[in-house]
Amino acid sequence: ALDYAMVKLMQNPHMMTKLQNEVRMVVPQGNEMVTEDDLDGMTYLKAVVKETLRLHGPAPFLLPHFSMADCVVEGYTIPSGIRTIINARAIARDPNYWESPEEFMPERFMEGGSAAAMDYRGNDYVFLPFGSGRRKCPGINFAILTIELMLANLMYHFNWELTPESAEKGIDMTESFGSTVHRINSLFLAPVLAKN
């Protein structure tokens with residue numbers, strides 16, 4: 001998720017600048033690290049993480065479930081005892097639920113945005129990076145805190161540039177699909193110390 005967040009920010013430099021400004025304004029100058037307490041004031045950071053997980057959730061398919069009773073979902077009859085697998089990646093890119101679904105738009109998760117009320121619990125059944133219901137990922141809080149802290153610290157301490165080779169070739173978005181999804185090629189960036 002952190003790799004994808006950095007890719008999206010490199011592809012959208014104005015968004016990286018906006019995020020860096022937010023982080024650097026919230027965290028007092030001279031602090032060595034962004035802490036968990038600092039994250040409360042970082043609404044754009046939280047929106048960037050949500051939008052990254054919407055487009056590039058690490059697990060494209062939720063855990064399989066067996067239906068316990070016959071039911072009809074969106075006109076499809078699902079008999080009792082059938083194994084079902086939910087394609088969370090397709091739902092997160094469905095134009096019936098998302099405006100410009102292939103576009104990276106963190107603002108959709110901010111106040112006034114179309115997805116501002118959505119959280120990680122999956123109760124809306126449209127944003128499911130951690131699943132939903134009693135079988136959702138128990139590590140949601142740990143994962144989100146970890147991603148937010150790492151990304152905030154990367155934004156706080158450094159400005160980022162593509163290495164000359166990466167700038168020449170561009171960022172390769174080829175993905176490897178399996179039980180998890182990740183980019184095949186590593187992202188190489190050059191950190192530049194931020195000036196106070």
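Helices are DSSP runs of H or I with at least four residues, numbered from the N terminus. The model discussed here is predicted; local features need pLDDT of at least 70 and side-chain atom pairs pLDDT 80 or more, while totals for chains, interfaces and linings use all residues. Residues are numbered from 1 along each chain as its sequence is written, and side-chain values use heavy atoms, without hydrogens and water.

Two packed helices are described by the angle between their axes and the distance between the axes. Helix 3 (residues 43-55) packs against helix 5 (residues 140-157) at about 120°, with the axes 10 Å apart; axes are lines fitted to C-alpha atoms over the stretch in contact, and angles run from 0 to 180 degrees between N-to-C directions. Helix 3 contributes L45, K46, V48, V49 and L53 to the contact, and helix 5 contributes I144, I147, E148, L151 and A152 (contact means heavy atoms within 4.5 Å).

The aromatic residues come next. W98, F109, Y120, F127 and F130 form one aromatic cluster. Rings of Phe, Tyr and Trp (its six-membered ring) pair if their centres lie within 6.5 Å, and planes under 30 degrees apart count as stacked, over 60 as edge-to-face and the rest as tilted. The structure holds six such pairs. In one of them, the ring centres of F109 and F127 are 5.0 Å apart and the planes lie at 50°, so this pair is tilted. Both F109 and F127 are buried, that is, under 20% relative accessible area with a 1.4 Å probe, protein chains only.

The charged end of K50 sits over the ring of Y120, 5.5 Å from its centre, and that of R54 sits over the ring of W98, 5.0 Å from its centre. Here NZ of Lys or CZ of Arg must be within 6 Å of the ring centre and within 35 degrees of the ring normal.

Definitions and conventions:
Helices (H or I, at least four residues) and strands (E, at least two) are DSSP runs, numbered from the N terminus. Buried means under 20% relative accessible area, exposed over 50%, partly exposed in between (1.4 Å probe, protein chains only).
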